[in-house]
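Here is a short report on one structure. Look it over first, then read on.

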Amino acid sequence: MTTGKNAKLHERYKRALPSFLSPYYADPIQIDRGQGGYVFEPDGTKYLDFFGGVLTTMVGHNNPVVTKAVQEQAAKVMHTSSLYLSEPMIELAEKIADLSGIPDARVFLTPSGTEANDAALLFATSYRKSNQILAMRNSYHGRSFSTQAITSHSAWSSTSISGLQVTFVQGPYQLRSPHPELDGAAYTQSCVDDLSQLLTMTSAGDVAALIAEPIQGVGGFATPPDGFFGAMKKELDNAGILYISDEVQTGWGRTGDNFWGYQAHGIVPDMLTFAKGVGNGITLAGVVARAEVVDTIKVLNFSTFGGNPLSAAGGLATINYVLDNNLQANAKAMGDRFRSGLDAMAAKHDWIAEVRGRGLMQAFETVAPGTMEPSPAHATAMLEGTKTHGLLVGKGGLYGNVVRMAPMLDVNAAEIDEALDALQAAADTVKA
Ligand SMILES: Cc1ncc(COP(=O)(O)O)c(C=O)c1O
């Protein structure tokens, strides 16, 4: 039973929405408006937002450039569909095709990351004439029937029923793999060896594709060694298996060193999927793939809302804002500043097993003090504690024991330091 100032709204939430949805916090907060890196409750209570509604508000709340573009488009025409020519839709597809790094790219626009991954599965299975898919352990790729089948995260796996035959490959979550002690190169090799054996032992003929997040989002920002997916892809290439990079959380420069997560691995994927941050909150997602792969689909395939002018205008404004302001470089600089503060904090607390992530995608995993036993209680205490100190962070990880942070790409040094102060203050009151 909620007792806080938003108790009544929380009761209505519970009555109107399914029970599998639940808001963060014992006393959930109500976001009424946002400005830059901050959000506000109706009574004016202010929070520094280091989660962006799950890495989705990417260039600040009420970003003047994005808001203006969306408002102007809304006043012109909000919907056309791909049955008609629409300048924003086509310009957006051209821009994303260019940025993707994929040769002869085609872009299929969808309203959500789930549908983007669903489309990628459709293309891959049709192109390869196979229903066999490889996905990584500890992965999350969406909520629908097909994307649940490639999700390897018990807390998020709603059903085991599927028309796909999926094998889960060992990978990015080294901390809880059979070989946490290996260095990056040796760990990568052990996973490649496992993949190789797996292809020999468990596949029946051609496998369609491997889909992987460069850094596992819901999985608690589990980050493989650089080059990991490059080494995996060599095995895949030998068998003609497509490689799909799910960049829903890692795209658009968030990881600092790279514009796409896949670039840390020295490869170009056959397909990439994107969503979340690209529209700064406007529903926009899609899949990019070589024409020969997409064109396997010979019948009509259509998404009513995919690429509608409103989301396309929001997407173009967001991408241009990222590029014009070189926010990838900011993600690198601010990510480094944030990471050193987090490392210093972690060094003081034996209930933090690991700090991980890249750029402005940082997390720490909580354990029972001095052990490797997952401690979701510590992560929850940090979530509640940071809220008390005016900071919003997220939770994740297989056991709900990872605190995830993903500030806006245009976050500044003062905001990073403010977040670190709030995290320190919360950590100091967490009972070991
Ligand atoms: C890596 C990844 N892929 C796909 C999805 C699904 O995206 P959506 O919630 O927009 O359907 C998510 C959502 O969290 C995600 O993190």
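Strand 2 (residues 38-40) and strand 3 (residues 46-49) run antiparallel, joined by three bridges. Strands here are DSSP runs of E with at least two residues, helices are runs of H or I with at least four, and both are numbered from the N terminus. The model is predicted: local features need pLDDT of at least 70, side-chain atom pairs count only at pLDDT 80 or more, and totals for chains, interfaces and linings use all residues. Residues are numbered from 1 along each chain as its sequence is written.

Phe-40 stands opposite Lys-46 in strand 3. The open sheet has four strands in the order 1-2-3-13, with mixed pairing. Two strands pair if DSSP finds at least two bridges between them. Two strands form the edges, each pairing on one side only:

| Edge strand | Residues |
|---|---|
| strand 1 | 33-35 |
| strand 13 | 391-392 |

Now the helices. The axes of helix 7 (residues 184-202) and helix 8 (residues 228-238) come within 9 Å and cross at roughly 25°. Axes are lines fitted to C-alpha atoms over the stretch in contact, and angles run from 0 to 180 degrees between N-to-C directions. Helix 7 is therefore roughly parallel to helix 8 (angles under 35 degrees count as such).

Methods
Angles under 35 degrees count as roughly parallel, over 145 as roughly antiparallel, 65 to 115 as roughly perpendicular and the rest as oblique.
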